[in-house]
Amino acid sequence: MEEKNLQQKQAEEELTKLKDQEKYLTEEIEKLNDLDYIGELARRDYFMSKPGETIFKLPSSSN
């Protein structure tokens, strides 16, 4: 009986983690449908720029 209770508790914890992950992924999908957000990602992660825009990469602070 104690083993079954432990399995149930583990399954409930797993379910909670999966629900949190689902919420995060749903929010990410909504963001990816926003063209401004996609543009921000492209500029930040891939150093893409708009016409006439110049990208400067500054060294990160080691302090």
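This is a predicted model: local features need pLDDT of at least 70, side-chain atom pairs count only at pLDDT 80 or more; totals for chains, interfaces and linings use all residues.
## Charges and overall form

The protein chain contains two helices and zero strands. Its radius of gyration is 21 Å, which is well over the 11 Å that the globule rule gives for 63 residues, so the protein chain is more spread out than a compact globule. Along its principal axes, the C-alpha trace of the protein chain spans about 70 × 35 × 15 Å.

## Surface and burial

The accessible surface of the protein chain comes to about 6,400 Å², and 54% of this surface belongs to carbon and sulfur atoms. Of the 63 residues in the protein chain, 8% count as buried, a label that requires under 20% relative accessible area.

A nonpolar patch on the surface is formed by Leu32, Leu35 and Ile38, which together have about 290 Å² of accessible area. Leucine 32, one of the residues in this patch, lies in helix H1, which covers residues 2-32. Because its relative accessibility is 39%, leucine 32 counts as partly exposed, the class that lies between the buried limit of 20% and the exposed limit of 50%.

## The salt bridge

How many salt bridges does the count come to? The count comes to one salt bridge, and aspartate 45 forms a salt bridge with arginine 44, where the closest N and O atoms are 2.9 Å apart.

## The segment after helix H2

Helix H2 covers residues 35-46, and phenylalanine 47 is found in the segment after this helix. Although phenylalanine 47 is not a glycine, it has a positive phi of about 50°. With a relative accessibility of 45%, phenylalanine 47 counts as partly exposed.

Methionine 48 also has its place in the segment after H2, and because its relative accessibility is 48%, methionine 48 counts as partly exposed. The C-alpha atom of methionine 48 is separated by 26 Å from the C-alpha atom of tyrosine 24, and these two residues are 24 residues apart along the chain.

Glycine 52 and lysine 4 are 48 residues apart along the chain, and their C-alpha atoms are separated by 64 Å.

Notes
Residues are numbered from 1 along each chain as its sequence is written. Side-chain values use heavy atoms; hydrogens and water are left out. Patches are made of residues with over 30% relative accessible area and no salt bridge: like charges are joined within 9 Å, nonpolar side chains (Val, Leu, Ile, Met, Phe, Trp, Tyr) within 5 Å. Accessible areas come from the Shrake-Rupley method with a 1.4 Å probe; for residues, only the protein chains shown count as cover. A salt bridge is a side-chain nitrogen of Lys or Arg within 4 Å of a carboxyl oxygen of Asp or Glu. Helices (H or I, at least four residues) and strands (E, at least two) are DSSP runs, numbered from the N terminus. Buried means under 20% relative accessible area, exposed over 50%, partly exposed in between (1.4 Å probe, protein chains only). The radius of gyration is taken over C-alpha atoms; the globule rule is 2.2 Å times the number of residues to the power 0.38.
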